[in-house]
Amino acid sequence: MAYDYEKSIRPGKLPHIWCPGCGHGIVMKGLIRAMDTCGLEKNNTAIVSGIGCASRLPGYMDFNTLHTAHGRAAAFATGIKMVKPEMTVICCGGDGDGTAIGGNHFIHACRRNIDMTYVIMNNYIYGMTGGQFSPCTPTGMKASTTPYGNPDPIFDISKLAIGAGATFVARTTSFHATQIDKLIAEGIKHKGMSVIEVLDDCPTSYGRRNKFRSVVDMMKRLKEVAVPVAAAAKMTDEQLEGKVLTGVLFKEERAEYTDQYAKLIARVQGA
Amino acid sequence: MKRTLLTGNGAAAWGARLAGVEYLPAFPITPQTEIIETIARWIDFGEMDCRMVTLDSEHSMITAAGAAAVTGVRVFTATSSQGLLYGMEMLYTVAGWRAPFVLVNVSRGLASPITLEPDHNDILAARDSGFLQLHCATCQEVLDCILLAYRLAEDERVRLPVIVNLDGFYLSFTREPVEIPDAESVARFLPPFDPENLGFRAGAPLSEAVAVIGGTPYSYFRYQSHLAALNAVDVFAENAAAFAQAFGRTYQAVEAYHCDDAELVFVMMGSFATKAKEAVDRLREAGEAVGLLRPVLLRPFPAADFRRALSGKKGVIVVDQNLSMGKGGVLHTELASALYGYPGTTPVLVSFIGGLGGRDISAEEFYEMHAVTRQAVSEKRAPAPRLLYTEVELREMKKIQAIARVQGLKEQQT
Ligand SMILES: Cc1ncc(C[n+]2csc(CCOP(=O)(O)OP(=O)(O)O)c2C)c(N)n1
Ligand code: SF4
């Protein structure tokens, strides 16, 4: 029997606003399956986003959801987690939302290692506003604000998260649909800040401008560049040129923020 | 000079291009983005010699704009709504630096709830920041006001940043015929920025600042900015005269439409005032002595112009496309304080709130506002401020609420 997505989707909210071929829908389905696997109870779960095409995701989900301000998902989510530490808090949004205007909140949530799962959909562009370059637009690629190619170097989101202190960091692509839910589920189960970077496609604002003939072409590229971490260990630097590592990139156990906070309260009040 | 069809955003980009801006820190936001994209294209095609950087937010964008302007280059930037508010801290900061540059704001209603369409709460939030404000009603005005704004900002009697405001969608995406002046005439009207005492001079500073100051010097500097802003009333008039001579188009701090013999006068700002013009025409056809005043300059507030234009009038219909929660319309408040206590007959001021989130204001509503005000004049007392909202809309709203199950939840709670 086909998987029942409907039970997680708000009645009357479909069709969604995403363009045909947009990767965000694949990520949403992955998220639904992951949340299902983890047996998350609707009322004990909050899904928080910023602004952007990716950030429209929570609007379709039949959970407690917050569609907030551009770049602020992690800050809103921190507020929720601090007062309701028993809740499962999931953030989602785009590369622009999370690493440009919201970069500060993102790295500080990582640093605190607060228990939430941040699904960041990296389509290399500001999709919603029509394709201006983001901190993740590969150097040389075209955006509406850089018709001759982007001169800026990029953020590697996963590395950024690891460097900032997230304790579970994984990456996959929208081509690897079944890996999306596995990694998100692992992230949800992990206690601490989990970041799952999903490389996905914006055919409308990125693909067309960068001479991808079709969404299939874009998907093929995702398939080609992805190298699982285990396979990469056996490859040479030359072989890894232009590739992107996928799978669990980093995992460590470290004290979680709300736990530490509760302990502090107990210690001070107990004394 | 050439005449062509341009959107408000296109006109803004042309204004920046003709002004010869040298630096554009940018960040996209609907409905402004077309401005920075147009300029990006010109830069890439070598048609414009300007440096452009898309920063990581409006906060850094306005910071970069202010910093660049005080090194003595001509700077342009643009934003809208949430972006303007996100940069608010820096609006105050760079205005305090007396950094002369021009920022275009494309008005859009503020969250929450979220809308893409225009009202003026965004721009009015910047009212007290030290930025001067010019409000446009047509695409031509957008281009022209940018040129006027640079002359105003850079004038040594003023030296303050200026926001040029246009309404999202109604102007940003609407094509109108626009005369694009030729570059030579613009260069004569607006020569390259002469920064005089601005710029880097290591070892020979103009003044040595201290990091934190007390109330006495603080008050002094804040008041200096205020006085500089007030100077802008006369400087604007001077510049507008020079502009009229150069380009044949006349601008006034407050545009008056059929006001001389009017008994009742609409006061509105922005592109929605063109709807009021239309209503004035229709009402005049029906024999009503009615006119319209539209402030182009909102900061500094052209109080004397309003007093002059409204002296002897019976009633004023203030239509605010903004809402100060717990008070009402901002323009109404400003106008009341400008008129109160001055000699001459004080007209009855009637306040309406309309056009929030781009909601249309219909001709019938203009007639209704006019009728209500006439009644108020005959009774010599203003009615309570009113939101323009129809029964049909309210019914629609109830339906939407029912769908959103807000109603159901409420019932559960009670
Ligand atoms: C303060 C503020 N500035 C700018 C914007 C305009 N804006 C809306 S979405 C967006 C970028 C979205 O890009 P991303 O987060 O990568 O998501 P995508 O649309 O690509 O899924 C921007 C700049 C805004 N909403 N708020
Ligand atoms: S613009 Fe791009 S990111 Fe936005 S819905 Fe369309 S394809 Fe997706």
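**Exercise 1. The two domains of chain B**

Work out how many residues of domain 1 of chain B are in contact with domain 2 of chain B, and which elements of domain 1 supply that side.

*Solution.* In this predicted model, 25 residues of domain 1 of chain B are in contact with 21 residues of domain 2 of chain B. On the domain 1 side, the elements that give two or more residues are helix 6 (121-125), strand 6 (132-135) and helix 9 (215-247) of chain B. Helix 9 of chain B provides the largest share of that side, namely five residues. Sorted by class, the side of domain 1 of chain B that touches domain 2 of chain B has 14 nonpolar, seven polar and four charged residues.

**Exercise 2. A pair of helices**

Describe how helix 1 (residues 8-18) of chain B and helix 2 (residues 33-44) of chain B cross, and decide whether the crossing is left-handed or right-handed.

*Solution.* Two packed helices are described by the angle between their axes and the distance between the axes. Here the axes of helix 1 and helix 2 of chain B come within 8 Å and cross at roughly 45°. Because of that angle, helix 1 of chain B is oblique to helix 2 of chain B. The crossing of helix 1 and helix 2 of chain B is right-handed. Helix 1 of chain B makes the contact through B:Asn9, B:Gly10, B:Ala12, B:Ala13, B:Ala16 and B:Arg17, while helix 2 of chain B brings B:Glu34, B:Ile35, B:Thr38, B:Ile39 and B:Trp42. Taken by class, the residues of this contact divide into six nonpolar, three polar and two charged.

**Exercise 3. A sheet and the helices across it**

Find the order of the six strands in the open sheet of chain B, and name its edge strands.

*Solution.* The order of the strands in this open sheet of chain B is 9-11-10-13-14-15, with mixed pairing. Strand 9 (254-257) and strand 15 (386-387) of chain B are the edge strands, each of which pairs on one side only. Within the sheet, strand 13 (residues 315-320) and strand 14 (residues 348-353) of chain B run parallel and are joined by six bridges; B:Val318, for instance, has B:Ser351 of strand 14 of chain B as its bridge partner. Helix 10 (residues 273-285) of chain B lies across strands 9, 10, 11 and 13 of chain B, running at about 165° to strand 11. Helix 11 (residues 303-310) of chain B also lies across strands 9, 10, 11 and 13 of chain B, running at about 15° to strand 9.

Technical notes: Residues are numbered from 1 along each chain as its sequence is written. Chains are lettered from A and ligands numbered from 1 in the order in which they are written. This is a predicted model: local features need pLDDT of at least 70, side-chain atom pairs count only at pLDDT 80 or more; totals for chains, interfaces and linings use all residues. Two residues are in contact if their C-beta atoms, placed from the backbone, lie within 7 Å. Helices (H or I, at least four residues) and strands (E, at least two) are DSSP runs, numbered from the N terminus. Ala, Val, Leu, Ile, Met, Phe, Trp, Tyr, Cys and Pro count as nonpolar, Asp, Glu, Lys and Arg as charged, and the others, Gly among them, as polar. Axes are lines fitted to C-alpha atoms, for helices over the stretch in contact, and angles run from 0 to 180 degrees between N-to-C directions. Angles under 35 degrees count as roughly parallel, over 145 as roughly antiparallel, 65 to 115 as roughly perpendicular and the rest as oblique. A crossing is left-handed if the near helix is turned anticlockwise from the far one by less than a right angle, and right-handed if clockwise. Two strands pair if DSSP finds at least two bridges between them.
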